[in-house]
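Here is a short note for a colleague who is new to this structure. The points can be read in order, with the model open alongside.

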Amino acid sequence: MSITKRRRMLTLAGASLLATLATVPALAEPMATLDRNGSLVAVEPYAPNIVRVTIALDRTLANAAPGPGPNAQSNAAGWTRRSDTTGDIFASSGMTLTVNAQPWPKAPSQMERYFAPSLPPVSLSIADGAGRVLTRMDGWEMAPHTVNGEKTFRVGASFADTPDTHYYGLGQNQEGTLDLRGRTIDCRHNYDAPAGETVCVPFMVTNKGYGIVWDNPSALTVSPGLHNGTHFQSNVGERVSFFLITGATTDALYAGYAQLTGRTPLPPKAAFGLIQSKARYETQAELLGIADGYRSRGYPLDIMVLDWFHWTRMGQLDIDRTYFPDPKGMNDKLRAMGMHSIISVWPRFERESRYYNMLAAKGWLLKDHDGNVVDGLPIRADRAGALIDSTNPDARAWYWQTIRDNIASQGFEWYWLDETEPDLVPDGNLFSIGSGDRYHNLFPLVHTSGVADGSARDRPNLRNLILSRAAYLGTQRNGGLFWSSDIKSTWEAYRRQIPTGLGFTASGHAYWGSDIGGWQWPSGPAAARPVLLDPAGATAMAPDYRDYPELFTRWFAYSVFTPTLRIHGQRPGTAVWEYGKAAEPVIADFLKLRYALMPYLYAMGRHTYDTGAPFMRALFMDFPADPAAATIGDQYMFGPAFLVAPVTEQGQTSRPVYLPAGADWYDYWTNRKYTGGQTVTVAAPIDKIPLFVRAGSIVPIGAPVMSTATRQPLESVMVYPGRDTSFALYDDEGVTNAYRQGGQSATLRWDDRTGRLTASGRLPTGQALPGLVKVIQPAAGAN
């Protein structure tokens, strides 16, 4: 059998397995497969604004299903095809795709013989529904090389650029810049990336009305807008496959991504509250003591987290009864306090653990080319154990069942799937479906899918939640809360979180956060300015890190305005009272603000479920007509109302804030009103975060509660006049999956001319609207 034929058979077998593991439904044939002098171009619509293009030299590969991640059915309804001298033209109400005609190549000149391309050229153009050209694909490539013992290719494609195109997304990159233009992104899961862990979600959005979903799970290099073009190149593949999504707004692009790869579930309401964690609570008494500490102080808290090394050995998937003698009783006590629990479950198995020999015998662990189980990493001394092969459906099923029987049975509701990159890098080794290099970025999808699918089957009435350290196309459908990994506890690391989070949510994954205060042991350079909080009484750090309480407080204030509010870290104490007497009341006030905003937050979560749009939003999403908003990465919108500008410099007590054009803005703290399109310098004392509300906003405010287990009435409905607007208020019991069949909702509408707020029906809380309405009047000095 020839190498080419063998490679083709392996590729098709892998595609078949991937269709099963990624729950991809049976797909229709492409609308057309075109021959461009030997290059085969398959065109496969999925919606009026979504089309897949596949280019290969082999017809079977060109017509094969997408790789893992997308789970939608192809659908050519509303599409037409015609041909003329320019090429083949595929059109719908949302876009026009033209696969350009390619004349038979002329005889090459002497120089052209030396530099002759190895592939028959392919080019195409994409226009919106009105015929405006959005981008072009100018060429594709397949360069042979050997990877992990497999003869394969680097595959890629190049797209046109314009000087005013800006690029966003591609997952998590912690280099500190939102706009990807002019950079080269190493899009691969990499825990050891110098600036902080990178996570690859190969979905790139532009400010020009289109996004590209790159359909290949191997390591990817992307150079957006570099040297007048944008280039994608995957390390392993035998074809080029990508989806183009068009839309008049960025939210239309995110709706397309959700249609293609799956909806983002509404998390349990507790996920919007405070999640308290530490690396690590060593005993049951310590964990319950922290929970009691919140209640005795009157501070809200929703979830307690039991992190790693609660087990007897890594891979036992158990709970050490020496230190946690009654985990079920512990969880019963948490529930009696109105709290829930998350427990960390790792995918690694020490040789001495009870399941290792069974997993190895069944072939359910990552292997090397000799068939030996890969045990640990040579590059870090703190790594031991083998990785469960979650590309194997039997291994995934066993993993969930063992968690269910050993851990869920003890009252733990939700799971923290750590090391979902995975930390045991698969490159050079073998998964059950093929080489670790070919599927480098796949693990987070299959690993979270196993737990999500198992939970849906065995706990159908409990809303799922997974805390996950990495993501891929489609992981949002598994109920993930994602975070930026084990970052340092420094001002620099904190400063990088703002563009990092905005880039991640721009990748179609709405729920992101960071370890508030950083995960690594608190250590940083000496403060350059006087500290803004006296560290007296702080036990969270060594005495010489005098500005750490200030850093934590600024970080916490920022995190109040991120989708996930989670304290975590490798330090002596992490609870809000462990940063000193001066910091505690400031942090507590920010925590209470988070809970006051719960009705607003939960309504945003419902909106994301309904539309796919993130609610932590880089400014380019909402202000496309303002060129200044295109590259700002240290400010953002939090839902439709709030403009957030975190303070990220030690000792800073004011900062400039750009107010986007096209709107007026109220300072949240003073009610002073500003005209958009200008930069203003605002005061930023340690107990305030620069915060503005867009004129023409409705903000529901909740009454104080200790957790989301208590039904929260509205305290007020704040109206910031300036334009007609509406807000969809939503509520439910917050725990079950009944939200999928609906919930309690009412649309609030503000008529700016009459100054009147009305509701479409009964408020979800059962309250009467008129007594709740507070219309904000601009303070003196507005400009």
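How many residues does helix H5 have, and what distance does helix H5 reach from its first C-alpha to its last? The model is a predicted one, and the points below should be read that way.

1. **Helix H5.** Helix H5 covers residues 284–297 and has 14 residues. From first C-alpha to last, helix H5 reaches 20 Å. That is close to the 20 Å expected at 1.5 Å a residue. Just after H5 comes Gly-298, with a positive phi of about 75 degrees.

2. **The buried side of the list for H5.** Which residues of H5 are buried? They are Gln-284, Leu-287, Leu-288, Ile-290, Ala-291, Gly-293 and Tyr-294. Their cover includes strands E17 (274–276), E18 (303–306) and E28 (565–567). Helices H6 (327–336) and H12 (583–596) also belong to that cover.

3. The bond from Ala-279 to Arg-280 is cis, with omega near 10 degrees. Arg-280 sits in the loop between E17 and H5.

4. Phe-309 is not a glycine, yet has a positive phi of about 60 degrees. Its place is the loop between E18 and H6. Phe-309 is partly exposed, at a relative accessible area of 39%.

5. Lys-328 and Asp-332 meet through their side chains in a salt bridge, at 3.7 Å from N to O. The two are four residues apart in helix H6, so about one helical turn separates them. Lys-328 is partly exposed, with 40% relative accessibility. Asp-332 is partly exposed too, with a relative accessible area of 36%.

6. **Strand E12 and its partners.** Strand E12 spans residues 203–206. Phe-203 and Val-205 point one way, Met-204 and Thr-206 the other, and all are buried. Strand E10 (residues 167–169) pairs with E12 in the antiparallel sense over three bridges. Tyr-167 has Thr-206 in E12 as its bridge partner. Strand E13 (residues 210–214) also runs antiparallel to E12, joined by three bridges. There, Val-205 is partnered by Gly-211 of E13.

7. The hairpin of E12 and E13 has three residues between the strands. In that hairpin, Gly-209 takes a positive phi near 90 degrees. Leu-170 also has a positive phi, of about 65 degrees, although it is not a glycine. Leu-170 is found in the loop between E10 and strand E11 (185–187). Is Leu-170 buried or exposed? Leu-170 is buried, with a relative accessible area of 3%.

8. The whole structure holds 42 salt bridges. One joins Asp-215 and Arg-239, whose closest N and O atoms are 3.9 Å apart. This pair links distant parts of the chain, 24 residues apart. Asp-215 is in the loop between E13 and strand E14 (220–226). Arg-239 is in the loop between strand E15 (229–237) and strand E16 (240–246). Both Asp-215 and Arg-239 are buried.

9. Arg-469 and Asp-418 form a salt bridge, with 3.1 Å between the closest N and O atoms. Arg-469 lies in the loop between strands E25 (466–468) and E26 (480–483), and Asp-418 in the loop between E22 and E23, so the pair ties together parts 51 residues apart in sequence. Arg-469 is buried at 3% relative accessibility, and Asp-418 is buried at 5%. Which residues are linked in the network? Glu-197, Asp-418, Glu-421, Arg-469 and Asp-486 are. Pro-422 is in the loop between strand E22 (414–417) and strand E23 (430–431).

10. **A six-stranded sheet.** The order of this open sheet is E29-E30-E31-E36-E33-E34, with antiparallel pairing. Strands E29 (616–617) and E34 (673–675) each have a single partner strand, so one side of each lacks a neighbour in the sheet. E34 pairs antiparallel with strand E33 (residues 664–667) over three bridges. Trp-665 has Tyr-674 in E34 as its bridge partner.

11. **A nonpolar surface patch.** Met-111, Tyr-114 and Phe-115 form a nonpolar patch on the surface. Together they have about 460 Å² of accessible area. Met-111 belongs to helix H3 (residues 110–114). Met-111 is exposed, at a relative accessible area of 62%.

How values were computed. Residues are numbered from 1 along each chain as its sequence is written. This is a predicted model: local features need pLDDT of at least 70, side-chain atom pairs count only at pLDDT 80 or more; totals for chains, interfaces and linings use all residues. Side-chain values use heavy atoms; hydrogens and water are left out. Patches are made of residues with over 30% relative accessible area and no salt bridge: like charges are joined within 9 Å, nonpolar side chains (Val, Leu, Ile, Met, Phe, Trp, Tyr) within 5 Å. Accessible areas come from the Shrake-Rupley method with a 1.4 Å probe; for residues, only the protein chains shown count as cover. A salt bridge is a side-chain nitrogen of Lys or Arg within 4 Å of a carboxyl oxygen of Asp or Glu. Buried means under 20% relative accessible area, exposed over 50%, partly exposed in between (1.4 Å probe, protein chains only). Two strands pair if DSSP finds at least two bridges between them. The expected span of a helix is 1.5 Å times one less than its number of residues. Contact means heavy atoms within 4.5 Å.
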